Amino acid sequence: MLVPAKHISFSASILGLGSLIISMLHKPKSIDELWNQYQKDADRSNCVHIHSLDNMMLALLFLYSLNKIDDNDGKLVLL
């Protein structure tokens with residue numbers, strides 16, 4: 001689900017995952033680095049909802065379409 005609705009929490013939405021990705025991009029990172037960091041955080045129970053790689057790709061596409069992130073030589077950067 002892209003946005004929170006009546007029966008979905010913000011952390012379970014793609015929008016919530018996008019906000020988590022933005023907080024993880026304090027320096028340029030590849031998609032693999034982002035995914036590995038997310039999995040480590042999820043293993044330490046720092047994430048309320050566990051997302052799949054497909055959801056992360058959707059969140060990245062969402063952020064790119066909003067012009068919040070861009071690709072710089074294979075690394076994602078905040079704009």
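Is D41 buried or exposed, and what is its relative accessible area? The exercises below start from this residue.

This is a predicted model, in which local features need pLDDT of at least 70, side-chain atom pairs count only at pLDDT 80 or more, and totals for chains, interfaces and linings use all residues. Residues are numbered from 1 along each chain as its sequence is written, and side-chain values use heavy atoms, with hydrogens and water left out.

**Exercise 1. Classify D41 and describe its salt bridge with R44.**

Step 1. D41 has a relative accessible area of 15% and is therefore buried (buried is under 20%, exposed over 50%, partly exposed in between, with a 1.4 Å probe and protein chains only).

Step 2. In the salt bridge between R44 and D41, the closest N and O atoms are 3.6 Å apart (the criterion is a side-chain nitrogen of Lys or Arg within 4 Å of a carboxyl oxygen of Asp or Glu).

Step 3. R44, at 54%, is exposed.

**Exercise 2. Find how many salt bridges the whole structure has, and describe the one formed by E33.**

Step 1. The search returns 2 salt bridges.

Step 2. E33 pairs with K75, and their closest N and O atoms are 3.3 Å apart.

Step 3. Because E33 is in helix α2 and K75 in strand β2 (residues 75–78), this pair ties together parts 42 residues apart in sequence. Helices (H or I, at least four residues) and strands (E, at least two) are DSSP runs, numbered from the N terminus.

Step 4. E33 is partly exposed at 35% relative accessibility, and K75 is partly exposed at 30%.

**Exercise 3. Characterise the aromatic pair of the structure.**

Step 1. There is 1 such pair, made by W35 and Y38, with 5.7 Å centre to centre and 25° between the planes.

Step 2. The pair is stacked (ring centres of Phe, Tyr and Trp, the last by its six-membered ring, lie within 6.5 Å; planes under 30 degrees apart are stacked, over 60 edge-to-face, the rest tilted).

**Exercise 4. Locate C47 and list its contacts beyond four places in sequence.**

Step 1. C47 sits in the loop between α2 and α3 and is buried at 15% relative accessibility.

Step 2. With neighbours within four places set aside, its contacts are L20, Y38, D41 and A42.

Step 3. A42 belongs to helix α2 and, by the same exclusion, is in contact with C47 and I50.

Terms used:
Contact means heavy atoms within 4.5 Å.
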